[in-house]
Amino acid sequence: MSQERWAVIDCAKAPNSNCKLKMVVPEDRLEDLVEAACDHMCKRHNQEDNQETREMARGFIEIKEW
Ligand SMILES: [Zn+2]
């Protein structure tokens, strides 16, 4: 079986986060992950819904194969 590539955001790795949320999408749906992460960061981490938060979310993305 071939492995697939996944884009992962682990909120626990964000600075000052005690949040355990992990978000995963197939790599080709990376934009969905950015949007979901932005949404989460606004609701749970008092971030603004703007481009800066999206860029921050993008910075947390790790690509994994399994
Ligand atoms: Zn979080």
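How many helices and strands make up the secondary structure of the protein chain? There are two helices and three strands, where helices (H or I, at least four residues) and strands (E, at least two) are DSSP runs numbered from the N terminus.

**View 1. The whole chain, in a predicted model.** This is a predicted model, in which local features need pLDDT of at least 70, side-chain atom pairs count only at pLDDT 80 or more, and totals for chains, interfaces and linings use all residues. Residues are numbered from 1 along each chain as its sequence is written. Along its principal axes, the C-alpha trace spans about 40 × 25 × 15 Å.

**View 2. Helix α1 from end to end.** Helix α1 takes in residues 30–45, 16 residues in total. From first C-alpha to last it reaches 21 Å, close to the 22 Å expected at 1.5 Å a residue (1.5 Å times one less than its number of residues).

**View 3. The buried side of α1.** Here, look for Leu 33, Val 34, Ala 37, Cys 38 and Met 41, the buried residues of α1 (buried means 20 or more other C-beta atoms within 10 Å of a residue's own, with C-beta atoms placed from the backbone). Seen down the axis of α1, these buried residues fall within an arc of 135 degrees, so they line one face of the helix; the arc is that of the directions from the helix axis to the C-beta atoms.

Key: Buried ≥ 20, exposed ≤ 12 C-beta atoms within 10 Å, placed from the backbone.
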